[in-house]
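Have a look at the structure, then follow the points below.

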Amino acid sequence: MFLSSSHHLTLLVGSIRCPARITSVSATLASETWSIENVNPLYQRETGSWKLSIPPGAVMAGRFGAEGEGEDVLPPLPTGERLQLSEVFEGGIGVGGKVWRAAGALCRWQRSLSHEIQGSEVLELGAGTGVSGLYAGALGASRIVLTDGGGPEVISNLQGNAERNAALLRERGCTSVECAHYRFGEGELPGNGFDWILASDVTYSVHDVRGGLCGCVAELLAQGKAGRCIIAHEHRRSTMFDIDTILTNRPAARWDEDDVGLREFLAVASEYGLRVTPLVSEPGSRKQDGDMVIMTMDMSIIELSLPS
């Protein structure tokens, strides 16, 4: 069952200036206070990187994670083919209209286990553009269900992306694709059972509906309606725009270090009896270019499970 759609969708490119959420970060360097206003971070949505200012003459120590610089957000399929996707940035569509870096990390993880994805049934929660679920279908998943709790524009774009890749998915053995509106913890999910639950960049949802995501996952796992739940998370560490941290340029000592949003998610997961296991970490990168630094954030692939 494939969906048909005739929606015309607009793809906008360029950079967007994002207001920093950290309001008290400052570092004293060369007898000068360099604050978040001086940093002036600019988010470049094509690459998922941040570009920001550092004090004139400052030198960043070394590099880390540089191997990943310049890579596309999404990996190609093992055949070299790529998904055909539309992103929408206008009309108040919010975060559901963009392909985020965490989705790319989840696709890379799937590619490394493609033999386990083939022939399976996959549910994507918080699908947005549908990248992770569609990638599973292109790897040979027999059935994918793409769900998101966004508005009509999000679901329309999701349906459109399913149609854009319908032929490719059929060739790979995916015989059923369904798009549905589902907000964490509200109503019934379509379908009776899944081998995989996939999601990317959804951990922040605990600030909107505290138990929505974890409650949904715990229920599906407890009822035997899902085999495994895998989530990709891009770290937003509290020191991400701190100049001392940037110039010192050392990787985080722990996968969950200084990630306040993740800490809240882990607390909620524990309340619902879920065990959180980090599976793979992808280090971010920082590269100095004069008085500017271009950087990406660390990402982690985690599994939610119930204690055996």
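How many bridges join S9 to strand S10, and do they run parallel or antiparallel? There are 6 bridges between S9 and S10 (residues 226–234), and the two strands run parallel. Please keep in mind that this is a predicted model.

**Confidence**
- The average pLDDT of the protein is 85, and 84% of the residues score at least 70.
- Residues 1–34 have a pLDDT below 50, although this stretch has 88 contacts in the model beyond near neighbours in sequence.
- The pLDDT is also below 50 over residues 66–70, a stretch with 5 contacts beyond near neighbours in sequence.
- Where pLDDT is low, the predicted coordinates should not be read in detail.

**Strand S9 and its partners**
- In the pairing of S9 with S10, alanine 199 stands opposite isoleucine 231 of S10.
- Together with helix H7 (residues 212–222), S9 and S10 make a right-handed β-α-β unit.

**Tyrosine 43**
- You will find tyrosine 43 in strand S4, which spans residues 42–44.
- Tyrosine 43 has a relative accessible area of 5%, so it counts as buried, the cut-off being under 20%.
- Tyrosine 43 and methionine 295 are 252 residues apart in sequence, and their C-alpha atoms are 9.8 Å apart in space.

Technical notes
Residues numbered from 1 in each chain as written. Predicted model: local features only at pLDDT ≥ 70, side-chain atom pairs only at ≥ 80, totals over all residues. Heavy atoms only, no water. pLDDT = per-residue confidence, 0-100. Contact = heavy atoms within 4.5 Å. Pairing = 2+ DSSP bridges. Helix = DSSP H or I, 4+ residues; strand = E, 2+ residues; numbered from the N terminus. Right-handed = clockwise from strand over helix to strand, strands pointing away. Buried < 20%, exposed > 50% of the residue type's maximum accessible area, 1.4 Å probe, protein only.
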